[in-house]
Amino acid sequence: MVSVMASNVRKGNVIELNGKLYVVLTAENIHPGKGTPVTQLEMRRISDGVKINERYKTTDSLEKAFIDERTFNYLYHDGDHYIFMDPENFEQISVPESVIDEMAPYLQENMEVRLSTYNGTPIAVELPARATLEVIETEPVMKGQTASSSFKPAKLSNGVRTMVPTHIVVGTRIVVLTEDGSYVERAKD
């Protein structure tokens, strides 16, 4: 364990709190006009998946756990586990659904991810920032609509709904952010 200031805690870090390990889901530094700057952390307890929100002064000291972080390839979904493979030694590791959580729709076969483990137990998965998906359902293009800053709802091949520019039609491959599913650009493939 190593002590870090609360303001230096980032998403994906593992913190020890009261003898239990928590993975940081979101970390936000808040600097109000008056008063002390604070760090707002949303964390998930690794042992049972319970989420908590904590607020610390940015200068408070927290215990950061040492974790093993390596690159793995996603293979397939099996019941309530996701199977990943280490590309160096071809060992497979089973990751529970609770660790993948809302990132599951963005997992694609052979996708390279960063998998964090603590004493051999998977605790967090970091996906690439962007994923390329196909639009399978959206409204047709309307004549006279302006192309600038107008968006319409669309359903993607992974089942996620997002907003896309009006010129995007069914069958178009687009790039989205895996963090929130928002449209980035038309795919260049």
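## Thr-138

Thr-138 counts as buried because its relative accessibility is 18%, and the limit for that class is under 20%. This value, like the others in this report, was computed from a predicted model.

Thr-138 is part of strand β12, which covers residues 130-138. A polar atom of the Thr-138 side chain is 2.9 Å from the backbone oxygen of Pro-153. Pro-153 is also among the residues that Thr-138 touches when residues up to four places away in sequence are not counted.

## Ser-7

Is Ser-7 in a strand or in a loop? Ser-7 sits in the loop that runs between β1 (2-5) and β2 (14-17). Ser-7 has a relative accessibility of 15%, so this residue counts as buried.

Leaving aside residues up to four places away in sequence, Ser-7 is in contact with Asn-29, Thr-39 and Thr-58. Pro-37 is 30 residues from Ser-7 along the chain, and the C-alpha atoms of these two residues are 9.2 Å apart.

## Aromatic pairs

How many aromatic pairs does the model contain? The count is 2 aromatic pairs. In one of them, the ring centres of Tyr-74 and Tyr-82 are separated by 6.2 Å and the ring planes stand at 45 degrees, so this pair is classed as tilted. For planes, stacked means under 30 degrees apart and edge-to-face means over 60, so an angle between these limits gives a tilted pair.

Tyr-74 and Tyr-82 are both buried. Through ring pairs, Tyr-74, Tyr-82 and Phe-84 are linked into a cluster.

## The largest pocket

The volume of the largest pocket is about 820 Å³. Several elements each give two or more residues to its lining: the strands β3 (20-30), β4 (38-45), β10 (112-118) and β11 (121-126), and the helix α1 (97-100). Which element gives the most to this lining? That element is β3, with 4 residues.

In total, 34 residues line the largest pocket. Those nearest the centre of the pocket are Lys-11, Gly-12, Leu-25, Met-103 and Val-125. By residue type, the lining of the largest pocket consists of 16 nonpolar, 12 charged and 6 polar residues.

Terms used: Residues are numbered from 1 along each chain as its sequence is written. This is a predicted model: local features need pLDDT of at least 70, side-chain atom pairs count only at pLDDT 80 or more; totals for chains, interfaces and linings use all residues. Side-chain values use heavy atoms; hydrogens and water are left out. On a 1 Å grid over the protein atoms alone, a cavity is a set of points where a 1.4 Å probe fits but cannot get out, and a pocket is an open set with protein on both sides within 12 Å along at least five of seven lines; lining residues have an atom within 4 Å of a point. Grid points are joined across faces, edges and corners, and a volume is the space filled by probe spheres set on the points. Ala, Val, Leu, Ile, Met, Phe, Trp, Tyr, Cys and Pro count as nonpolar, Asp, Glu, Lys and Arg as charged, and the others, Gly among them, as polar. Buried means under 20% relative accessible area, exposed over 50%, partly exposed in between (1.4 Å probe, protein chains only). A polar contact is a pair of N or O atoms within 3.5 Å; within protein, one must be able to donate a hydrogen and the other to accept it, and residues adjacent in sequence count only if both atoms are side-chain atoms. Contact means heavy atoms within 4.5 Å. Rings of Phe, Tyr and Trp (its six-membered ring) pair if their centres lie within 6.5 Å; planes under 30 degrees apart count as stacked, over 60 as edge-to-face and the rest as tilted.
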